[in-house]
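Please examine the pockets of the structure shown below, together with the ligand. The paragraphs that follow lead through them in turn.

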Amino acid sequence: MLRPPELTPRAEPTWDDALVVEHEVIDGYYHRLVLHSPSITGRATAGQFVMITVPSDGGATVLLPRPMAIHRRRVDTGNLEVIFSVLGRGTAALARIAPGDSLLLTGPLGRGFELPAGAASVLLIAHGSGICAVMTVAEDARAAGMTTSAMLSTAFRSTALGEPDCRELGIDAVFVAEDDGSNTIGLITADLRQRFDTSPPSVIMVCGSGALARAAVALGQRWRTPVQVSVEAHMACGLGYCHGCAAPVATRADEEGPLVCRDGPVFDGYVVA
Ligand SMILES: Cc1cc2nc3c(=O)[nH]c(=O)nc-3n(C[C@H](O)[C@H](O)[C@H](O)COP(=O)(O)OP(=O)(O)OC[C@H]3O[C@@H](n4cnc5c(N)ncnc54)[C@H](O)[C@@H]3O)c2cc1C
Ligand code: FES
């Protein structure tokens, strides 16, 4: 089984014309958008995402919306945050958006992370923009009084994506980076074993790369801890209609496998990693 049935029904996704409240460029590489959307912010659960319709850019139109994890939910202001780096045409156009503009969002979408009943502590492991997918779990875990730890890895030490969020939420976070040599699976695993072998977390939540997910699953097996992994796929609709986002799960030739947008993006790590 991919995951146990959902305990509570998901909110129906809706469209919203969201005002761009803030656009921050982080270390010249990541773009953090604060978007005013009370209807989506108030109904989003941890690990869900939105589809963002790419605004017309110099007359050229990008047909398909782009999926982005909801990085933070600020229910009091009705704002949600997304963080992205520029990969291709869609994110390049989004990088040119300015405060005062608006963006068409569809959301909240997908099945996200779920804190198991009775869990006392959670360990978040994430890399790069995957850090944006796990921070909403940290919000929930902290609100529930759970001990929350994080191992966050980036390409550059100066970026330290998620650092302000961890500080705000009171999360015990370790940051590793490729440019100082501390960001290797071996070093990450050794550090986590040293910190958690005697007192393992109740659950591990991961997003970032296949290698990181496999390392997390190996730790989960060592500690007998459940692992939830958020995966990515190219998405055309985000709604389960186009069937174009098959999850990386082995299926029989005669059956359709799960879809990342509808059945995920979060799956049982023991099934997908
Ligand atoms: C559920 C979900 C949540 C996501 N959350 C975030 C987020 O919080 N921050 C963020 O920066 N990105 C996130 N992404 C990835 C983001 O959607 C893509 O980077 C974006 O759609 C690329 O659009 P583009 O038009 O710039 O690039 P395109 O022109 O579509 O593609 C440019 C290049 O990037 C590759 N590419 C495109 N999409 C992906 C992908 N999903 N994975 C790997 N390679 C890809 C293409 O193959 C191509 O080589 C998420 C994806 C999913 C499925
Ligand atoms: S993106 Fe269309 S079904 Fe998942």
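How many residues line the second largest pocket, and which of them lie nearest its centre? The model in view is a predicted one, and in it this pocket has a lining of 29 residues, with Arg3, Arg111, Phe113, Glu114 and Leu115 nearest the centre. Its volume is about 630 Å³. By class, the lining of the second largest pocket comprises 15 nonpolar, six polar and eight charged residues. Two elements, α3 and β12, each contribute at least two residues to this lining.

The largest pocket may be described in the same terms. Its volume is about 1,100 Å³. The lining consists of 46 residues, and those closest to the centre are Pro67, Leu87, Ser129, Glu232 and Ala233. Two or more lining residues come from each of β4, β6, α2, α3 (131-143), α6 (210-223) and β12 (227-230). Among these elements, β4 gives the most, with four residues. The lining of the largest pocket divides by class into 25 nonpolar, 17 polar and four charged residues.

The largest pocket is also the space taken by ligand 1. There are 19 residues around this ligand, and Arg66, Pro67, Ile83, Gly90 and Thr91 come nearest. At least two shell residues are supplied by each of β4 (66-69), β6 (79-85) and α2 (89-94). Here too β4 gives the most, with four residues of the shell.

On the backbone side, a polar atom of Ile83 is 2.8 Å from a nitrogen atom of ligand 1. For Ala69, a backbone N or O atom lies 2.9 Å from a nitrogen atom of the ligand. A side chain takes part at His234, where an N or O atom is 3.5 Å from an oxygen atom of ligand 1. Taken alone, the ligand exposes 890 Å², and the protein buries 73% of that area.

Terms used:
Residues are numbered from 1 along each chain as its sequence is written. Chains are lettered from A and ligands numbered from 1 in the order in which they are written. This is a predicted model: local features need pLDDT of at least 70, side-chain atom pairs count only at pLDDT 80 or more; totals for chains, interfaces and linings use all residues. Side-chain values use heavy atoms; hydrogens and water are left out. A residue is near a molecule or strand if one of its heavy atoms lies within 4 Å of it. A polar contact is a pair of N or O atoms within 3.5 Å; within protein, one must be able to donate a hydrogen and the other to accept it, and residues adjacent in sequence count only if both atoms are side-chain atoms. Accessible areas come from the Shrake-Rupley method with a 1.4 Å probe; for residues, only the protein chains shown count as cover. On a 1 Å grid over the protein atoms alone, a cavity is a set of points where a 1.4 Å probe fits but cannot get out, and a pocket is an open set with protein on both sides within 12 Å along at least five of seven lines; lining residues have an atom within 4 Å of a point. A molecule sits in a cavity or pocket if more than half of its atoms lie within 2 Å of its grid points. Grid points are joined across faces, edges and corners, and a volume is the space filled by probe spheres set on the points. Ala, Val, Leu, Ile, Met, Phe, Trp, Tyr, Cys and Pro count as nonpolar, Asp, Glu, Lys and Arg as charged, and the others, Gly among them, as polar.
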